[in-house]
Amino acid sequence: MYQNFFGLTKEPFSMTPDPAFLFLTAAHREALAGLSYAVLGGKGFVVLTGDAGTGKTTLLTKMVRSIPASRATFSVVLNPTLSPDEFLELALLDFGIPDVPPSKAQRLLLLREFLNEAHQQGRSSVLVVDEAHKLAPPVLEEIRLLSNFELVDAKLLQIVMAGQNELANVLNRDDLRQLKQRVAVRLNLHALSLTNVEHYIQYRWSKAGATQPHPFSPPAVAQIAEWSTGIPRLVNVLCDNALMVAFGEGVTVVTPNHVAEVAADLDLRAPGVRNRRRPMPMEPLAGAKRETGTAGEVTPQVATFPVIERYVPAPKPSRLTRLAAKLGLGDARPNRYEQNI
């Protein structure tokens, strides 16, 4: 609705997991490289965790679309709240296997034939499970048993489990220790830093066709960073609604008042203090006036630190990133929006 008003061709803060809008921080680039390396390197099990809204599903979509069909075949399970039989059936159907037989033995035989054929053709077979923190223990055991499809020198099925941080607690259960032992690569996404929130907003604004800088004032960006606590999904919803409010008022600059109004409408919790050290006592500087209390004792000055982060250049590409680049899975060089967070 507001796109034409701000000179855009697309909606910049859509809630859909569009990989074209994926903002690659150092952590996201590391995770993307690790996923691609694990899948094509035949590592077997890989686990991706992160808080809700940090971009796990978008990253998985990017990974699936970036690997050519000649190199990998994917089965993606987005709703894992299934019984073991239903899970196996859905996995087979999404691999493109028609006419799934009712017998589990026949299903497993059919899956083995499919995996062997893909391996002979030089393709990896990849089972991707999103929202894996919601998997029931019987389904997790079924997934572990599926990892037994292997040759003496190769894993026939690569398994990617992505979920919220609670997935780590699930895998730490004593009855799931055999599954945890099979995890070859573990990756994690976390919230954006204050600096990266602004870079994220500008990146999506540019991807939406804008030729001018984003319309959010610096205080508004700081408000968005605090209310969202750096979660990209919350950044999107705050920005989208704030733009609607600004559009409704006929103004081209988004202010902190717009953000506060939107946060109240969305019933967001009061923002906590992020990236700020607690005040700490310190001795007055030489020559500074020393204040005394009623009892005559010296009252120390208090040093406070504003919520401002120093820009840190992107780090040297990690081991996983360099390996992924060697496999031809993307450029290991950071882009101009990247920041070590």
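The paragraphs below walk through this predicted model, from its overall make-up to a few individual residues.

Some ground rules come before the tour. Residues are numbered from 1 along each chain as its sequence is written, and side-chain values use heavy atoms, with hydrogens and water left out. Because the model is predicted, local features need pLDDT of at least 70 and side-chain atom pairs count only at pLDDT 80 or more, while totals for chains, interfaces and linings use all residues.

Let's start with the whole protein. The protein contains twelve helices and seven strands; helices (H or I, at least four residues) and strands (E, at least two) are DSSP runs, numbered from the N terminus. Of its 341 residues, 45% count as buried. Buried means under 20% relative accessible area, exposed means over 50%, and partly exposed lies in between (1.4 Å probe, protein chains only). Contacts, meaning heavy atoms within 4.5 Å, can also be sorted by sequence distance: among those between residues at least 6 apart in sequence, 74% join residues at least 24 apart.

Helix α1 is mostly covered, with 14 of its 15 residues buried. After α1 comes Gly42, whose phi is positive, near 65 degrees.

Ser124 counts as buried, at 15% relative accessibility. Its side chain reaches the backbone oxygen of Val39 at 3.5 Å, a polar contact (a pair of N or O atoms within 3.5 Å; within protein, one must be able to donate a hydrogen and the other to accept it, and residues adjacent in sequence count only if both atoms are side-chain atoms). Not counting residues up to four places away in sequence, Ser124 touches Val39, Leu40, Arg71, Ala72, Thr73 and Gln158.

Next, the charged pairs. A salt bridge is a side-chain nitrogen of Lys or Arg within 4 Å of a carboxyl oxygen of Asp or Glu, and by this rule the count comes to six. One of them joins the side chains of Lys104 and Glu142, at 2.9 Å from N to O. This pair links distant parts of the chain, 38 residues apart: Lys104 belongs to helix α4 (residues 104-120) and Glu142 to helix α5 (residues 137-146). Lys104 is partly exposed, with a relative accessible area of 35%, whereas Glu142 is buried at 6%. Another salt bridge brings together Lys155 and Glu150, at 2.8 Å from N to O. Here Lys155 is partly exposed at 28%, and Glu150 is partly exposed at 35%. Asp175 and Arg173 form a salt bridge too, their closest N and O atoms being 2.8 Å apart.

Helix α4 also holds Leu110, which is partly exposed with a relative accessible area of 25%. Leaving aside neighbours within four places in sequence, Leu110 is in contact with Ile97 and Pro101. Leu110 and Ile97 are 13 residues apart in sequence and 8.5 Å apart in space, C-alpha to C-alpha.

Asp99, in the loop between α3 (84-94) and α4, has a positive phi of about 55 degrees although it is not a glycine. Asp267 sits in the loop between α11 (256-265) and β6 (280-282), and its phi is positive as well, at about 60 degrees. Asp99 is exposed at 72% relative accessibility, and Asp267 is exposed at 65%.

Finally, turn to the largest pocket, which has a volume of about 440 Å³. On a 1 Å grid over the protein atoms alone, a pocket is an open set of points where a 1.4 Å probe fits, with protein on both sides within 12 Å along at least five of seven lines; lining residues have an atom within 4 Å of a point. Of the 26 lining residues, the closest to the pocket's centre are Gly53, Gly55, Lys56, Thr58 and Arg233. Helices α2 (56-66), α8 (194-207) and α10 (232-249) each supply at least two residues of the lining.

Notes: Points joined across faces, edges and corners; volume = space filled by probe spheres on them.
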